[in-house]
Amino acid sequence: FAGLTPAQAGTSEAELRATITRAARAPYEAFFRREPAALCAAFTPTVASQLVADAPAGLSCESAVSEVFAQTAPYQPPLPASLPASWVVTHIVAHGSSASAKVLYGGEGSAAISLQKVADTWLVSNRSKLVTVKGCGGISQATPCPASARVMYFFIAPLVASGPPHLVPIP
């Protein structure tokens, strides 16, 4: 842990580390639990307003995410109820109202997370997207996959991407 003394933050390093860890995990947890309000609240307002690809203008983040969850529910493979214990937050660095961390997806890769402190709350500031694609998500069905079927993908991209965004592995 580096970059911030407890006096600067008004809190201990352990408390700050725990707060940033919770904030870095929050969007993943909300996505796995399919909680639109929590998913939108985990991001800075700018990121939240652009979270759902192709959302109609003027639609709130929460409404757009709710629509995606409802539209994809019949065909989406089941998600775990919570993050696997092997998903850990490391490399936490904080400077003033900015922080960074790395989320390790067990043996499945990692993501660099950027955070901003907004109104005393740490929020993820990475460009992120919740998108839908045609398909049935590998669910075996007695009948063919309907042409209207869609599944969702969620990704958090680094602010400066050196390649394609990393899709969240589903355990």
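## Aromatic pairs

Rings of Phe, Tyr and Trp (its six-membered ring) are paired here if their centres lie within 6.5 Å; planes under 30 degrees apart count as stacked, over 60 as edge-to-face, and the rest as tilted. By that definition the structure holds 9 aromatic pairs.

Buried is taken as under 20% relative accessible area, exposed as over 50%, and partly exposed as in between (1.4 Å probe, protein chains only). Tyrosine 28 counts as buried at 1% relative accessibility, and tryptophan 87 counts as buried at 4%. One aromatic cluster is formed by Tyr28, Phe31, Phe32, Phe43, Phe69, Trp87, Tyr105 and Phe154.

## Basis of the model

The model is predicted: local features need pLDDT of at least 70, side-chain atom pairs count only at pLDDT 80 or more, and totals for chains, interfaces and linings use all residues. Residues are numbered from 1 along each chain as its sequence is written, and side-chain values use heavy atoms, with hydrogens and water left out.

## Overall architecture

Helices (H or I, at least four residues) and strands (E, at least two) are DSSP runs, numbered from the N terminus. The protein chain contains 5 helices and 6 strands, in the sequence order α-α-α-α-α-β-β-β-β-β-β. Of its 171 residues, 37% count as buried.

With contact defined as heavy atoms within 4.5 Å, residues 24 or more positions apart supply 59% of the contacts in the protein chain with a separation of 6 or more.

## Strands β5 and β6

Two strands pair if DSSP finds at least two bridges between them. Strand β5 (residues 128-134) runs antiparallel to β6, and 7 bridges join them. Leucine 130 stands opposite phenylalanine 154 in β6; Phe154 is also among the members of the aromatic cluster. Strand β6 (residues 150-156) is mostly covered, with 6 of its 7 residues buried.

## Disulfide

A disulfide is a pair of cysteine sulfur atoms within 2.5 Å, and the count by this rule is 1. The bond joins cysteine 40 to cysteine 61, with an S to S distance of 2.0 Å. The link is left-handed, at -85° about the S-S bond. Cysteine 40 lies in helix α3 (residues 36-41) and cysteine 61 in helix α5 (residues 61-72), so the pair ties together parts 21 residues apart in sequence. Cysteine 40 is buried at a relative accessible area of 10%, and cysteine 61 is buried at 16%.
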